[in-house]
Amino acid sequence: MWLAVPNCELQFKPIAPNPIEYQYDPRSVAIGDFNNDNRLDIAVANYAADNIAIYFGHGNGTVESSVKYFIGSGSAPYMVAVGDCNSDHQLDIIVANFGTNSIGVLLGFQNGSFLSPTALSTASSRPIWIHVVDLNNDTALDIVTANYGTHSVSIFYGYGNGSFAKPSTYFTGYDSFPLTIVSGDFNNDKQMDLAIANYGTNTVGLLLGNDNGIFTQQSTFSTGPNCHPYSLVVGDLNNDIMLDIAVTCHGNNSVGVLLGHGDGTFMSQTTYSIGTGSPYSIGIGDFNKDNQNDLVITKNGTNNIVVLLGNGNGSFSNVISYSTGSSSTIFVAIGDLNTDNRLDIIIINNDTSSIGILLGYDKVSFEEQTTYSTGSHPTSVAVGDFNNDTQLDIVVANGYNNTVSVLLGCDNGSFAKQTTYSTGSHPTSVAVGDFNNDTRLDIVVANLVDNTISILLGYGNGSFAEQTTYSTGSHPYSVAVGDFNNDTRLDIVVANYYHNTVSVLLGCDNGSFAKQTTYSTGSHPISVAVGDFNNDTRLDIVVANFGDNTISILLGYGNGSFAKQMTYSTGSWPQCIAVGDFNNDTRLDIVVANWNGNCVSVLLGYGNESFAEQTVYSTGSRAQAVAVGDFNNDTRLDIIVANLVDNTISILLGYGNGSFAEQTTYSTGSHPYSVAVGDFNNDTRLDIVVANNDDNNVGVLFRCDRGALANEITFAIGDGSRLQSMAVFDFNNDTLLDIVVANYGTNNIAVLLGRRNGTFGNQMMFSTGFNSHPYSIAIGTFNKDDQVDLAVANRGTKNIELFLGNGNGAFESQSTYVNGYDFVPLFFATGDFNNDECSEIVVAYDNIDNVDVLVAYDTGSFAKQTIYLTGSQPQSVAVGDFNNDTRLDIVVVHTDDNIVSVLLGYGNGSFAKQTTYSTGSLPQSVAVGDFNNDTRLDIIVVNGYDDTVSVLLGYGNGSFAEQTAHSTGSYPVSVVVGDFNNDTRLDIVVANYYHNTVSLLLGYGNGSFAKQTTYSTGSRPTSVVVGDFNNDTRLDIVVANYYHNTVSLLLGYGNGSFAKQTTYSTGSRPTSVAVGDFNNDTQLDIVVANANDNTISVLLGHGNGSFATQKIYSTGSWPQSVAVGDFNSDTRLDIVVANANDNTISVLHGHRNGSFAIQKTYSTGSYPTFIAVGDFNNDILWDISVANFNDDT
């Protein structure tokens, strides 16, 4: 709507908000050694009390009570600085007196006392900031003030004897309100220049110095609208030996970085959001000892100290926030207060009139792994000093070539090339010990296939004798050592996976061993460790039993024999075990890595052979191995876990009371199989070595220094950003994916640089212009500089804007393109359509049935548009990676054509043309899985008319073999897969619509299946899903019964059979069912699409196989399919429904308590019948795939 406005002339006077608050006491802090005791002291300007307070430091981070110096009645000291003003090698104090418009100079004595202040008049300027520096190269300190009242800066040149010349004043601009001034040589002429934060005019002012002590007229650099720069610092932020500037933007809650060119000019500002709260003061220093400058910022709000760690290239990441208990922290100073060679910070809290000290410390972190080649498929790793050089060495068991690799350590933490020694067949576990008491470490290896252990005696020079083998039980999987009969000779214990026993082999004097004695364990013992669990000074044995989700404790008698096992429950599929005292009670505790549960179980020991129930902590995917160590040197044991599937290790820091912090993850190689710890570079910090099974190497991760003041790390998008679009690429060439987002509400784009643990740094913002409202974003190379650039569609200004990248994650706005008519660009993509090595842009507009192709010239601009017109019974869809390129593909069932279509994904959200494969008659539903255990996804389809399932085995290249058919019940309409008899082979469950049954077909693991077994359901079962609804680690089945208006639950026994159904009411004509944990109680819940009453039913699970009464939510017309996913990245599951009659999908966002928001609808093709979700463009956001029955899409 347009409004008519009278044509009259209006004049406005710019008024900047006044940021000064008068009611509080301390305003500023400075540090220095005032009493020459080599310990830093603190000086504080107390605004309301008209004094300066001196706090003498003890050198340990604490200070004495203050000594106060009166400055004068009504002086209102606002800023304090220190320096030697009279060349006596004693620090003096200089104060800016806001109330009396003066500068106070307090000359210092050697004992830390000061003379009464000498006043220097600043007229009516209201000095708010003071800076002390030698501006004219005469070795005498000068004083510079920022004058809030007169919008100027004043320079008092010093004579070197404590006296000063009258001020020279430079105007900073009308209503500029300068708040901060600092110095540096910004144009490399060996003359000091001045940089000013002009709060009112949203600029950084620069006064370039000449050799005659005169400064040029101020030049300004914009900090952006509503920035209101409050404070600034200078330093070399990108290691180009040119000074840069960092400024706090009080108005928009950010920090701006202006990288210097070395000639007095700067690159356009890059901004970093610091979350909620307006920033005040900023400091610079190397807080994590990586030789890169970092930034510390104070602000108002709750987490009111922020540290931005510098990357050394001018960019910053890893925003770390700290709470001081104050809501307004206004000033910061930096120094080493406790002489530990780490920077500490001193702060002023003006709401509580207090001073705070935050001491810096070393936070646990690990460098990127360094890899060393091993044999084929390393399965286990251990460490020890094999050549007696006081450097730790590594030994690795190589599963596929029947060797161990020994890598000798060097004094710099690196390792020599491997030397290999033969073992038995398929070595799976390795341990070290001195078996012949010659003070030289030896090696023991468990050989899985030939049921032996190998002993390799060490020569003490890093080499080993040929193996001697000893028999064990069937399939020895793990080995550990200890003195079980107290004869000072090491013995061996082995876990025999298929024998359900452990073998104990007692050691003899010469490194040989007696025959095994076996003891019963639980099912499939897979890992073994030793410790004294009942404090009787006799070693006991603990075993992880993979098959029955328990651990076995076998108490030792001290004579080499053991009591019968006692068992304790663990998580699902315990894979590895370790012991340690986690709560510092001198009693051993146990930690277990649960492979299928993606967690570790901690069982605290009572010291009397019994243990508390497990406490579970989340890890990465498929917890494969576990070890313990004190990684942060706090005398509390921590846990490290190797996560097989997501190629990470998890560190869980211990609190010393038996509990642990949430995991922090670090990248490893492919399929980390085993982990060990040791100090490989002799820096007193524990390092990590990981056996990367698929890479045929070991990775060594060295402990490094993060530099921290507290533990909490936060990240937040700015308020009002209204994020509309995002793209993913490696913008700073560090081999890590980064994210760029279009912030519709704040008129900018933001770049978030990726870190190696899967998290992202703080956003850098780049303005797209006033009222631009960026709506869509794409990436490409528009100017042939081999650096990725960005193209942004601005909905508000109806144009396309280019941002050219510089390769370090920063971008500069280059040009805009307007389409020449009044249409809004909604979405676009990029690609090289004419093979000119330059990206073109394809743009789709609102209210117009064409697309634009914009062809790029070398300059990054575009030629005139070329216009192309755009275009045209699928039943079910599933997703998977069919050609092993790590990109999701789609398979679709076509009912009328009796085929499935496979569309291979490009990983950017687009797909290749379909390839079709024949099925049975009237295919209804499709699912995917690896049915022949060849690590390639296969397809299974149910065929309604001929009562069969078709299995199409995948070749791993995106193509499939011809179908093989298996009989089902009458008119199968839905299929799912799962391992229902716990034999690690995928099985099939089919819903038979006319038969009122489900069919179970157990898989043989070779792509074929046993004959069906049927179980009764309700009337007309239409959809089937699987899940563990009673937490017994056995898969159960839920079926939607179309005519019965119920769902049936069939609890699984874990042997391929099921209990009789239990039914729960739904809405009318349930057509589809899905499962998920909607209320975050770790219990599975159910959602059902009810076609006849246009609703979904949510049934919350109790975790015992029963469900609460349904809760109903409205959808569109005739809902046919339902799926779940986290579509808004809030860690809460949402629901998506395909509505056939109104050609839409409905998205209902979850509220964490099991309730859902009102639906939001999105248009689809004609008659959507099935829905699937996945990340099709690798942007870490869930996408949706819909099968549209009527228009064949």
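Modeller: Happy to! Buried here means under 20% relative accessible area, exposed means over 50%, and partly exposed lies in between, with a 1.4 Å probe and protein chains only. Strands are DSSP runs of E with at least two residues, numbered from the N terminus. This is a predicted model, where local features need pLDDT of at least 70, side-chain atom pairs count only at pLDDT 80 or more, and totals for chains, interfaces and linings use all residues. Residues are numbered from 1 along each chain as its sequence is written, and side-chain values use heavy atoms, leaving out hydrogens and water.

Let's look at strand β75, residues 938-943. Because 6 of its 6 residues are buried, β75 is largely enclosed by the rest of the structure. In a regular strand, side chains alternate between the two faces of the sheet. Both faces of β75 are covered: Asp938, Ile940 and Val942 are buried on one side, and Ile939, Val941 and Asn943 are buried on the other.

Now for its partners, where pairing requires at least two DSSP bridges between two strands. Strand β74 (residues 923-929) runs antiparallel to β75 and is joined to it by 6 bridges. Within that pair, Asn943 of β75 stands opposite Pro923. Strand β76 (residues 948-952) also pairs with β75 in the antiparallel sense, over 5 bridges, and here Val942 faces Val949 of β76. The hairpin of β75 and β76 has 4 residues between the strands, and Asp947 takes a positive phi near 55° in this hairpin.
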